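Welcome, and thanks for taking a look at this one. Please have the sequence and the structure open side by side as you read.

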Amino acid sequence: MKSGSSLQRRSANGSVFWLTLAVILGILAALFIWILDFVRMLGSHQEQVTAIEAAALAASRDLSQIVIEDANLGFVSLSDFPPNGTATKAGDNYYLPVRSINTLFATVRLNMIMADKLDDNVMRELAKRDYDLT
């Protein structure tokens with residue numbers, strides 16, 4: 001019955017090779033997909049950072065061009081910049097200076113320090129008046 005039987009034994013040697021090969025290929029495919037997703041995520045993160053930086057620069061540029069005219073201080077803005085446009089042009093076609101809020105407060109603070117060092121009450125009162133105006 002052994003030689004002519006229909007139940008012959010198959011060799012198991014090739015099955016382990018194909019199973020190992022399939023597992024390794026599956027792991028490599030999963031790793032390849034993960035690497036592609038990771039690279040895509042890095043690229044999209046950089047695009048988001050670039051978009052956020054561009055929006056911040058545009059907003060800061062727009063905010064720095066807002067100018068308010070004050071009767072006591074002249075033209076005041078969020079930053080010192082060369083005036084442009086017709087809003088800060090004087091009658092003689094020269095532009096009036098635009099000062100930032102930080103510059104105004106720093107000047108007042110410096111005047112207060114100088115008044116204290118010189119012990120000058122008149123200068124101290126003028127510095128306090130400037131502080132109240134800003």
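Of the 134 residues of the protein, 10% count as buried, where buried means under 20% relative accessible area, exposed means over 50%, and partly exposed is in between (1.4 Å probe, protein chains only). This is a predicted model, in which local features need pLDDT of at least 70 and side-chain atom pairs count only at pLDDT 80 or more, while totals for chains, interfaces and linings use all residues. Residues are numbered from 1 along each chain as its sequence is written, and side-chain values use heavy atoms, with hydrogens and water left out.

**Overall layout**

- The protein has 3 helices and 3 strands, taken from DSSP runs (helices are H or I with at least four residues, strands are E with at least two) and numbered from the N terminus.
- Along the sequence, these elements follow the pattern α-β-β-β-α-α.
- Among contacts (heavy atoms within 4.5 Å) between residues at least 6 apart in sequence, 19% join residues at least 24 apart.

**Strand β3 and Ser100**

- Ser100 lies in strand β3, residues 98-100.
- Ser100 is buried, at a relative accessible area of 4%.
- Its side chain makes a polar contact with the side chain of Thr103 at 2.9 Å; such a contact is a pair of N or O atoms within 3.5 Å, and within protein one must be able to donate a hydrogen and the other to accept it, with residues adjacent in sequence counting only if both atoms are side-chain atoms.
- Setting aside neighbours within four places in sequence, Ser100 is in contact with Ser77, Leu78, Ser79 and Asp80.

**From α2 to α3**

- Asp119 is found in the loop between α2 and α3, and counts as exposed at 57% relative accessibility.
- Most residues other than glycine have a negative phi.
- Asp119 has a positive phi of about 50°, although it is not a glycine.
- Asp120 caps the N-terminal end of α3, with a side-chain oxygen 3.2 Å from the backbone nitrogen of Val122.
- Helix α3 (residues 121-133) has 13 residues and reaches 18 Å from its first C-alpha to its last, close to the 18 Å expected at 1.5 Å a residue; the expected span is 1.5 Å times one less than the number of residues.
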